[in-house]
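The following note sets out a colleague's points on the structure shown below.

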Amino acid sequence: MAKNYESEITQFLKEYKREHPDTEQRQREGRARLWDRQLDSELLENYRAAKVPQAPYVYQTK
């Protein structure tokens with residue numbers, strides 16, 4: 001395999017980023033909106049305390 005080989009996917013991504021230079025910035029903004037958040041530990045603890053245990057046979061009626 002040649003050292004300068006690039007797969008079609010790599011070529012596509014490079015061309016896409018060249019045509020859409022704001023792609024990486026939009027990816028960072030999307031990640032920050034969905035994943036990079038500070039969790040409220042008190043709220044999280046309340047959610048855990050309010051959790052109801054699930055019955056072993058969910059679809060069985062008594």
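Which side chain does Lys17 meet in a salt bridge? The partner of Lys17 is Glu24, with an N to O distance of 3.6 Å. The points below place this pair among the other features of the model, which is a predicted one.

1. Confidence. The mean pLDDT of the protein chain is 88, and 94% of the residues score at least 70. Among the elements of the chain, helix 1 has the highest mean pLDDT, at 96. Helix 2 has the lowest, at 92.

2. The Lys17 and Glu24 pair. Five salt bridges are found in a search of the whole structure, and the pair of Lys17 and Glu24 is a salt bridge at 3.6 Å.

3. The Arg26 and Asp22 pair. A salt bridge also links the side chains of Arg26 and Asp22, at 3.5 Å from N to O. Arg26 is partly exposed at 43% relative accessibility, and Asp22 is partly exposed at 40%. Elsewhere, salt bridges that share partners join Lys17, Glu24 and Arg28 into one network.

4. Glu6 and its partners. Glu6 is located in the segment before helix 1. Its salt bridge is with Lys14, and the closest N and O atoms of the two residues are 2.4 Å apart. The relative accessible area of Glu6 is 30%, so this residue is partly exposed. Lys14 is also partly exposed, with a relative accessibility of 43%. When neighbours within four places in sequence are left aside, Glu6 is in contact with Gln11 and Lys14.

5. The nonpolar patch. Which residues make the nonpolar surface patch of about 410 Å²? The patch is made by Ile9, Phe12, Leu13 and Tyr16. Tyr16 belongs to helix 1 and is partly exposed, with a relative accessible area of 31%. In general, residues three or four places apart on an α-helix point the same way, because the helix has 3.6 residues a turn.

6. The loop between helix 1 and helix 2. His20 lies in this loop, with helix 1 spanning 8–19 and helix 2 spanning 23–34. The relative accessible area of His20 is 31%, which makes the residue partly exposed. The backbone oxygen of His20 is 2.7 Å from a polar atom of the Thr23 side chain.

7. The loop between helix 2 and helix 3. Arg37 is found in this loop. At 56% relative accessibility, Arg37 counts as exposed. The side chain of Arg37 reaches the backbone oxygen of Arg33 at 2.8 Å. Twelve residues along the chain separate Arg37 from Ala49, and the C-alpha atoms of these two residues are 22 Å apart.

8. Helix 3. How many of the ten residues of helix 3 are buried? The count is zero, and the helix, residues 41–50, is hardly covered. At its start, a side-chain oxygen of Asp40 comes to within 3.2 Å of the backbone nitrogen of Glu42.

9. Separations along the chain. Two further C-alpha distances complete the picture. His20 and Lys51 are 31 residues apart along the chain, and their C-alpha atoms are separated by 45 Å. Asn4, in the segment before helix 1, is exposed at 74% relative accessibility. Between the C-alpha atoms of Asn4 and Arg48, which are 44 residues apart along the chain, the separation is 53 Å.

Key. Residues are numbered from 1 along each chain as its sequence is written. This is a predicted model: local features need pLDDT of at least 70, side-chain atom pairs count only at pLDDT 80 or more; totals for chains, interfaces and linings use all residues. Side-chain values use heavy atoms; hydrogens and water are left out. Buried means under 20% relative accessible area, exposed over 50%, partly exposed in between (1.4 Å probe, protein chains only). Helices (H or I, at least four residues) and strands (E, at least two) are DSSP runs, numbered from the N terminus. A polar contact is a pair of N or O atoms within 3.5 Å; within protein, one must be able to donate a hydrogen and the other to accept it, and residues adjacent in sequence count only if both atoms are side-chain atoms. A salt bridge is a side-chain nitrogen of Lys or Arg within 4 Å of a carboxyl oxygen of Asp or Glu. Patches are made of residues with over 30% relative accessible area and no salt bridge: like charges are joined within 9 Å, nonpolar side chains (Val, Leu, Ile, Met, Phe, Trp, Tyr) within 5 Å. Accessible areas come from the Shrake-Rupley method with a 1.4 Å probe; for residues, only the protein chains shown count as cover. Contact means heavy atoms within 4.5 Å. pLDDT is the predictor's confidence in each residue, from 0 to 100.
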